[in-house]
Amino acid sequence: MTIRDVVVVGSGMSACHAAETLLERGVKVTLLDFGNQNDQYSGVVPDRHFLDLRSSDNKQSDYFLGYRLEGIPTGEVKHALTPPRQFIVKDTETYLPLESNDFNRMESLSYGGLGNGWGAGCAAYTDQELQRMGLSPSEMRLAYQTIARRIGVSGSIDDVSSFCSTGIEQAMMPPFEVDANITSIFDRYKNHRSTFNQAGVFLGRTPMAVLTRDFENRRAISYNDMEFWADHGASVYRPWVTLEKLKRNSNFELYKKSLVLKFSETNEGVRIDLIDRESNQREQLTAKKLILCAGAMGSARIVLRSTEKSEDRLPIITNAYSIAPCLNWRRIGKPLGRRRSSLGQLEIFLENKNAPTESRMVSLYTYRSLLLFKIIREFPLNMATGLKLMKFLQSSLVLATINHPDTSNHNKYLELVPDSLSATGDRLKVTYKYSDPEFIEINIQTKRILKTLRQLGCIPLKNQFMQPGSTVHYAGCLPYSAREKKFHLAPNGRLYGYQNVYVADGSGFTYLPANGLTFSLMANAHRIAQTLVI
Amino acid sequence: MSSNLEAQAIIFCRYLIGERPSQEIVDRYTAAIRNNFAPLNRGEKRLLRFIEILPFLVSAIDGGLAICCRESKLRQRILLLLAILETSPHYHAHFAEETFTLWRAVPMGFSIACSSVSSAFGILMVSVNKIL
């Protein structure tokens with residue numbers, strides 16, 4: 001029987017950086033992944049500017065609308081994945097069944113995981129935030145620097161640096177250019193900076209995993225406005241960039257087409273039960289150490305299945321989230337220009353003076369490359385008038401995505417329930433309800449944010465609260481604890497009750513700050529892999 | 001069925017951009033409806049019949065649906081044609097950004113006012129249709 005050194009489960013942000021760190025240490029790594037790939041749309045989207053494609057490519061509907069017209073929204077929009085990105089959620093209904101009335105999840109069985117649709121924000125949390133998450137600020141600071149150098153991060157030193165880039169300034173490339181629409185908002189802030197700052201409002205650029213210089217075999221951003229549709233030149237970091245690099249290392253083994261079900265500890269190490277997705281046969285592997293990086297909900301499933309009589313409930317946290325389409329009235333009817341990126345370009349941080357870790361974060365995007373018909377559908381007007389109107393307004397439309405921090409409460413939990421119809425014999429049931437004080441605070445802070453947007457010249461047309469889970473930031477299912485407790489993690493990521501099982505995704509985070517967790521997922525996985533005793 | 005769908009595509013296209021669609025657009029619309037779209041319910045079929053007999057009603061009915069019944073499968077068909085047009089290079093100019101001048105703002109304001117009035121009529125039609 002072969003006993004592998006370290007088995008890593010998953011291929012997303014956490015998994016690939018845990019694996020890379022272990023390989024750098026000379027450890028042999030086997031990575032288990034379901035591995036769905038973008039077979040249908042790979043190579044279909046031409047590497048050209050959005051406006052050129054729109055005006056000349058006769059095949060553009062193949063990728064803009066999708067071969068099965070899956071890019072045309074029907075009913076309530078649950079996620080905003082473009083057709084070339086929809087492979088991210090393929091097969092999840094079958095293999096990761098989930099039941100909930102109040103939670104909108106997005107999980108992935110794709111090669112590279114949810115990182116394939118990541119918005120590229122790289123927020124390095126403050127020391128206070130890290131402590132509240134159960135993480136060591138000094139360890140995470142070093143890990144942030146390592147990850148920033150590995151993946152290529154661009155950004156600037158500005159008014160929001162203290163919220164999101166402490167310690168990684170030296171590792172950053174210059175920021176990418178901001179378009180005319182967002183620049184006008186930034187200019188208004190700069191002209192009234194002291195007034196905004198007194199009100200606890202700060203604007204600036206968070207670090208982004210976007211190259212502004214060529215790096216390794218990747219290309220600097222080409223300002224083609226196509227980031228929602230393709231990964232040309234790998235200018236925006238995705239986990240597959242790391243995975244392709246790891247595949248060239250002789251100590252690395254990629255075990256594709258496998259869905260890990262559960263584990264158990266034996267005298268030899270950890271026995272891992274999995275399903276081969278092609279043959280649908282169950283298989284077993286043994287490893288000295290197991291590192292779960294299957295995402296907070298994915299790791300929770302595996303841990304609950306591995307526990308006798310798993311009727312327990314595990315906590316879950318996710319950022320409350322709303323989207324406010326706004327009109328930047330100063331830019332109505334003015335040309336947007338050609339050279340731009342579709343990604344978030346400017347962030348607003350709203351300080352909470354009473355609770356320094358509870359800042360709110362708003363990202364500003366210009367709406368152009370997602371096509372007009374989707375937004376015309378949302379207007380309370382007939383579509384012909386909507387179209388006429390949008391021709392004037394499109395260059396001034398701003399999407400503000402509003403994120404709130406989250407902590408656990410006894411009404412936010414998940415449990416594994418038997419389901420004889422499911423491929424795994426069970427399904428996850430998620431219950432997620434805000435407490436009254438949380439709900440009130442979210443509303444108060446949202447009003448404050450909408451007022452700030454108006455002061456910046458952006459008139460919110462509406463504010464759409466999204467169902468919990470829509471932000472795709474999940475954490476806290478197996479919280480860090482200094483004391484040994486069931487379903488908790490030691491500070492080094494070890495799952496209490498086991499000697500050789502570790503969890504290196506966001507499961508341990510006991511708090512979620514408003515700005516995205518992805519950069520911290522990578523840094524935390526690196527931190528855990530670095531201290532793992534083999 | 002096919003000729004009905006072709007007639008629909010022509011009515012919707014004239015309504016959206018004021019032009020008769022190319023045969024390619026008509027073909028894509030009919031194929032998409034056949035392969036990817038659920039059939040209309042009885043009420044929606046009735047509204048569609050109105051539109052086929054009196055094409056100028058499409059604006060009012062679409063406006064009414066936008067307010068009363070946004071997820072209607074009839075509105076979904078108009079959206080489909082809009083999406084097909086937007087992703088066709090030949091019709092690209094109809095979706096390109098335009099600069100703003102006062103001379104353009106006046107007809108735009110008039111158009112929105114007319115749209116609001118016709119939507120009010122459309123709401124009435126959609127509501128009566130629901131009762132029937």
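So, how much area do chain A and chain B bury between them? About 3600 Å², with 60% of it on carbon and sulfur atoms. Buried area here is the accessible area (1.4 Å probe) that two parts lose on being put together, summed over both. On the chain A side, M383(A), K391(A) and F392(A) lose the most area to chain B, together 20% of what that side buries.

Quick housekeeping: this is a predicted model, where local features need pLDDT of at least 70 and side-chain atom pairs count only at pLDDT 80 or more, while totals for chains, interfaces and linings use all residues. Residues are numbered from 1 along each chain as its sequence is written, chains are lettered from A in the order in which they are written, and side-chain values use heavy atoms, leaving out hydrogens and water.

Back to the interface. Chain A puts 43 residues into the contact and chain B puts in 41, contact being heavy atoms within 4.5 Å. Between the chains we count 4 salt bridges, meaning a side-chain nitrogen of Lys or Arg within 4 Å of a carboxyl oxygen of Asp or Glu. One of them joins R70(B) to E378(A), at 3.6 Å, N to O.

Which elements of chain A give two or more residues to the side that touches chain B? They're α2 (50-56), α3 (60-64), α12 (372-376) and α13 (383-393); helices are DSSP runs (H or I, at least four residues), numbered from the N terminus. Of these, α13(A) gives the most, with 8 residues.
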